[in-house]
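This report examines selected features of one protein chain. Please keep the sequence and the structure in view while reading.

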Amino acid sequence: MLGLSSIFQSAQEFKTGFLRCKGVMPNKVLFVNPEQGGYAVWYTPPQEVPLYFSTALGVKSGKGKVPAMVWKAGREELSVFALKGHRKPVANTALCHAPFFNVYTDGKVCMGTVRIAIGRETRLEDFMTLWENYFWNSYFSHLMGEFNPVTENIVQLWQKQVDTDRVFPCQLLKPNRYTVKNLFI
């Protein structure tokens, strides 16, 4: 009975258009699995974004430049990774730990109290925008365990980066064991 239920749910998601493009596939998309429990993997170039920090960290909130990133998300879960370069990654591109608080060593993001509301009919373009907005508009509040995702003190890094014109110092990124193709599973 579970198999029939899964087939029905997949058919419903296909009909509603979950993770289907509105038109031409956006250039930043790396991979899409629109099946039940589907997910998308995409890239964003280095950019300036709003960054919000819990006051307990001692980092003021403001705009900051971040490295290129690779995102993997399903309807209820987000993982983020950083890239040392500026180019769109390919399958064998090595990933680094995302240089942010609230991110586990495997890239999964602790979304805390952020209310995730992604419907079964959400189109790919809207899906990516929603996840990016959820991430950038949430408050960074804590490291996951004792892991520091960069080679220097992460608090000091963001104290130096916020509200400046400094390009993110990619030499501080720590590599992890993943490549882009590892995310297509």
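## Cysteines, a helix and a buried serine

Cys110 is partly exposed, since its relative accessible area is 22%, and the limit for a buried residue is under 20%. The model discussed here is predicted.

Cys170, by contrast, counts as buried, at 14% relative accessibility. Which cysteine sulfur is closest to that of Cys170? It is the sulfur of Cys96, at 8.1 Å. A disulfide requires the two sulfur atoms to lie within 2.5 Å, so this pair is too far apart for a bond. By this rule, the count of disulfides is zero.

Helix H2 covers residues 124-136, 13 residues in number. From its first C-alpha to its last it reaches 18 Å, which is close to the 18 Å expected at 1.5 Å a residue.

Ser138 is placed in the loop between H2 and strand E8 (139-140). When neighbours within four places in sequence are left aside, Ser138 is in contact with Tyr52 and Val114.

The table gathers the accessibility values of the three residues.

| Residue | Relative accessible area | Class |
|---|---|---|
| Cys110 | 22% | partly exposed |
| Cys170 | 14% | buried |
| Ser138 | 10% | buried |

How values were computed
Residues numbered from 1 in each chain as written. Predicted model: local features only at pLDDT ≥ 70, side-chain atom pairs only at ≥ 80, totals over all residues. Heavy atoms only, no water. Helix = DSSP H or I, 4+ residues; strand = E, 2+ residues; numbered from the N terminus. Expected span 1.5 Å × (residues − 1). Buried < 20%, exposed > 50% of the residue type's maximum accessible area, 1.4 Å probe, protein only. Contact = heavy atoms within 4.5 Å.
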